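The following note concerns the charged side chains of the structure shown below. Please read its numbered points with the model in view.

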Amino acid sequence: EDGSHDVEETLGGLWAWRVGAHQDWAVRLKVPYKWHVAGDAAGDSDAPGWGDLQVATGTAFRLSEQWRAAGGLELRTPTAQDDLGQDVWKLQEFGAVAWDATRWLTFSPSLEYNQSLAELRDAPPQHYLEMYFPATFLLPRDWSVSPRYELKVDFENGNEVTHSAKLQVAKQLRHLPLGLALSAKRSFDSGEKEFQVNFILTYYFP
């Protein structure tokens, strides 16, 4: 609303390995770099810098030919420069299931429970639950489309419920170990963002 813009570029690494015939384990690291482009508000200024470091671990199980389940933990640390982070130590518990309804359609609902453990510099405490309900359609030539409905319950703000929708289009390159994805997200409630666009480039190491 004030003409400002926020750009975030995240370098992420995910290492996964098999621990059993039907189980994998993984660890993940995310290092974001942010740019805040000043808008019309008084005192607002451009501010580039590092964001909050995030480290996670989790495990996934294949329950049957069509069903999978996963769960894990993520710790978000207040390592951001200036005002580019949330200034909290936050723990996130997440879980997901996936059902391959057909060879070309998968439903994979998930939930993320977030709660701050400590707040710095008078940052507000965080305590909320996010739920995601995506459907993934596999298309010819290694394309896919994933519409997703999102629901958030904010326990720190009178159990306020907000809704949003996201659409992602992805392409897996056949001759290179690369995946490309573009997503657009729109909130159904008034908030800080009218919409959010993400571009994701994934490189698969052998």
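**Note on the salt bridges**

1. Asp-52 counts as buried, at 1% relative accessibility (buried means under 20% relative accessible area, exposed over 50%, and partly exposed in between, with a 1.4 Å probe and protein chains only). The model is predicted, so local features need pLDDT of at least 70 and side-chain atom pairs count only at pLDDT 80 or more, while totals for chains, interfaces and linings use all residues. Residues are numbered from 1 along each chain as its sequence is written, and side-chain values use heavy atoms, with hydrogens and water left out.

2. Asp-52 forms a salt bridge with Arg-76, with 3.3 Å between the closest N and O atoms (a side-chain nitrogen of Lys or Arg within 4 Å of a carboxyl oxygen of Asp or Glu). Asp-52 lies in the loop between strand 3 (47-50) and strand 4 (54-62), and Arg-76 in strand 5 (residues 67-76), so the pair ties together parts 24 residues apart in sequence. Strands (E, at least two residues) are DSSP runs, numbered from the N terminus. Arg-76 is also buried, at 13%.

3. Arg-68 and Asp-100 meet in a salt bridge of 2.7 Å, N to O. Because Arg-68 lies in strand 5 and Asp-100 in strand 6 (residues 88-100), the pair ties together parts 32 residues apart in sequence. Arg-68 is partly exposed at 26% relative accessibility, whereas Asp-100 is buried at 17%.

4. The search of the whole structure finds 8 salt bridges. Arg-148, Glu-150 and Lys-185 are linked in a network of such bridges.

Key:
Helices (H or I, at least four residues) and strands (E, at least two) are DSSP runs, numbered from the N terminus.
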